[in-house]
Amino acid sequence: MAQHLKLVDQHSGKHPSLPGPALFHLRQDTGQFLYFAQTLQEVNNNVGDILAIGSDRFKGYANGFALVCPIARVIVCKKHAKDDIDQKLTSLGITGKAREKFIRDIFGRESTKEKGLIDCLSEEEFDSKLLNLRSKWEKHKMKARQTSKPEFVRYFDVYIAQEIKEKMILSVRRQGLSDDFFFDNASESINHCYKVSIRNPTGARDLNCTMAEADRIYHNMMEQTRRNIHRAIIGLGPYC
């Protein structure tokens, strides 16, 4: 998936994200995605010069590409991290305004320009702010759940903190995305459109689709994308 910077989607007003090279895989381990990255590099040696790799929180994809793109920084999707933290807070019985306080401390609040841990300019600043937040979070949690067990702080330290520090804070994002966050909504949308195309004559999802049929369907989707790019030249289609 890549943004076409010379086109604008007439519906969203943004540069469209278009499907590109794809990997059909049965497993999601590092080896699968290393093979994919090496195959892309055989076609275009400049792949190794990529500065940033956008990823969800799944490590196999990022680790595979990192072996081929040694100077690239992995930047994790904000939505995936936020959804996982939100789910954990809910499972601990922390909801409503109490939950919002935790989320705001970590991700800030765009409407009020409030900064969160994710906006730190260095790893040192992140560590310092997190140290101050731990006691605050314990008080919030005890008030919300009437318990003294440090479940969320332990969860955040073990599963979240290092990832945000290495792959999401502002100083990391500026190496590949300026101040912007990375969201993989576009690639997931393309993946959804592709899956929707795999239907049997009744309209239900075809679970018996062969690899050859899957390849043909993706090829047709790519061809449709190319036609839409060409149509934009004469003022037709979804792009301009």
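Contact here means heavy atoms within 4.5 Å of each other. By that rule H25 touches Q32 and F33, not counting residues up to four places away in sequence. Keep in mind that this is a predicted model, where local features need pLDDT of at least 70, side-chain atom pairs count only at pLDDT 80 or more, and totals for chains, interfaces and linings use all residues. Residues are numbered from 1 along each chain as its sequence is written, and side-chain values use heavy atoms, with hydrogens and water left out.

**The chain overall**

Helices (H or I, at least four residues) and strands (E, at least two) are DSSP runs, numbered from the N terminus. The chain has nine helices and four strands, and from the N terminus on they go β-β-α-β-α-β-α-α-α-α-α-α-α. The C-alpha trace spans about 60 × 45 × 40 Å along its principal axes. Of the contacts with a separation of 6 or more, 54% join residues 24 or more positions apart.

As for surface, the areas come from the Shrake-Rupley method with a 1.4 Å probe, and for residues only the protein chains shown count as cover. The accessible surface of the chain comes to about 14,800 Å², and 52% of that belongs to carbon and sulfur atoms. A residue is called buried under 20% relative accessible area, exposed over 50%, and partly exposed in between (1.4 Å probe, protein chains only). Of the 240 residues, 33% count as buried.

**Around β3**

Let's zoom in on strand β3, residues 52-55. In a regular strand the side chains alternate between the two faces of the sheet. In β3, I53 and S55 make up the covered face, while A52 and G54 sit on the uncovered one. S55 counts as buried because its relative accessible area is 2%. Leaving aside neighbours within four places in sequence, S55 is in contact with Y61, A62, V74, I75, V76, C77 and F182.

Two strands count as paired if DSSP finds at least two bridges between them. β3 pairs with strand β4 (residues 73-76) in the parallel sense, over four bridges, and G54 stands opposite I75 in β4. Together with helix α2 (residues 59-66), the two strands form a right-handed β-α-β unit. Right-handed means that, with the strands pointing away from the viewer, the path from the first strand over the helix to the second runs clockwise. On α2 itself, G60, A62, G64 and F65 are buried, and their cover includes α1 (30-43), β3 and β4.

**Two helices side by side**

The expected span of a helix is 1.5 Å times one less than its number of residues.

| Helix | Residues | Length | First to last C-alpha | Expected span |
|---|---|---|---|---|
| α4 | 96-107 | twelve residues | 16 Å | 16 Å |
| α6 | 151-167 | 17 residues | 23 Å | 24 Å |

Buried residues of α4 include F102, I103, R104, D105, I106 and F107. Just after α4, G108 takes a positive phi of about 75°.

Where does α6 bend? The bend at a residue is the angle between axes fitted to the seven residues ending there and the seven starting there. By that definition α6 bends by about 50° at I160. I160 is also among the buried residues of α6, a list that includes F152, V153, Y155, F156, A161, E163, I164, K165 and K167.

**Two loop residues**

Back to H25, which lies in the loop between β2 (17-18) and α1. H25 counts as partly exposed because its relative accessibility is 30%. From H25 to S178 there are 153 residues in sequence and 32 Å in space, C-alpha to C-alpha.

A204 is another loop residue, found between α8 (185-197) and α9 (211-233). Is A204 buried or partly exposed? A204 is partly exposed, as its relative accessible area is 35%. Leaving aside neighbours within four places in sequence, A204 is in contact with I198 and R199. A204 and Q38 are 166 residues apart in sequence and 35 Å apart in space, C-alpha to C-alpha.
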